[in-house]
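Please look over the charged side chains in this model with me. The points below take them in turn.

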Amino acid sequence: MTTRRHALLAAASLPAVASAAKPEGWPAPDEINRRISEVTATEIAFAARMAHRDAAGFRRFLAADTIFVNGRNPLHGPDAVMEKWQRFFEGPQPPFAWAPDLVVVLPSGDLAQSSGPVTDPDGKVVARFQSVWRRKPAGGWEIVFDQGSDVCR
């Protein structure tokens, strides 16, 4: 009976032991937070290019293989994105703005996702964006996927 009892107690403690162990290869929390801060700053800088009416600067954030999902018509590559988005850079005021309210980074540090609200010129939330960022070999981040979705009204 004692052997069975010990086995049950040992089995019951396994989830606690497993959850306390850090997965192999997972960075320390401060390193994860540093990466999240890096991607957050990159997303904010990307949005600032729209606010400053800087199409060339905006384009520099796009990966060569970027895909922007536009409804059911994905835009493949920077040329297609800029052709469709050029109209958003016309005029003195941007037609919308965005800022991340959630950023997550894989433990490898190679991919990250940012998401947050998209607002109209009056500050009303009209959509949410989701972007996937890839770390470049020389450092820095480039956007590989982007998608917006309207908010429910």
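**Notes on charged residues**

1. Arginine 128 is partly exposed, at a relative accessible area of 33%. The model is a predicted one. Keep that in mind while reading each point.

2. Which residue pairs with arginine 128 in a salt bridge? The partner is aspartate 101, and the closest N and O atoms are 3.0 Å apart. Arginine 128 sits in strand E6 (residues 125-135), while aspartate 101 sits in the loop between strand E3 (97-98) and strand E4 (102-105). The pair therefore ties together parts that are 27 residues apart in sequence.

3. Step back for the general idea. Side chains of opposite charge can pair when their charged atoms come close. In this model, the count comes to nine salt bridges. A pair counts when a side-chain nitrogen of Lys or Arg is within 4 Å of a carboxyl oxygen of Asp or Glu.

4. Now take glutamate 31. A salt bridge joins glutamate 31 to arginine 34, with 2.7 Å between the closest N and O atoms. Both residues belong to helix H2 (residues 29-51). They are three residues apart, so about one helical turn separates them. Glutamate 31 is partly exposed, at 24% relative accessibility. Arginine 34 is also partly exposed, at 39%.

5. Glutamate 31 has a salt bridge with arginine 35 as well, and here the closest N and O atoms are 3.0 Å apart. These two are four residues apart in helix H2, again about one helical turn. Is arginine 35 buried or exposed? Arginine 35 is buried, with a relative accessible area of 15%. The cut-off for buried is under 20%.

6. These pairs belong to a wider set. A network of salt bridges links Glu31, Arg34, Arg35, Glu38 and Arg135.

7. Finally, check aspartate 146, in strand E7 (residues 141-150). Aspartate 146 is buried, yet has no salt bridge. How far away is the nearest side chain of opposite charge? That side chain is arginine 87, and the distance is 12 Å. A salt bridge needs the atoms within 4 Å.

8. What does aspartate 146 contact, leaving aside its neighbours within four places in sequence? The contacts are Ile67, Phe68, Val69, Gln130 and Ser131.

Note on methods: Residues numbered from 1 in each chain as written. Predicted model: local features only at pLDDT ≥ 70, side-chain atom pairs only at ≥ 80, totals over all residues. Heavy atoms only, no water. Buried < 20%, exposed > 50% of the residue type's maximum accessible area, 1.4 Å probe, protein only. Lys, Arg positive; Asp, Glu negative; His and termini not counted. Contact = heavy atoms within 4.5 Å.
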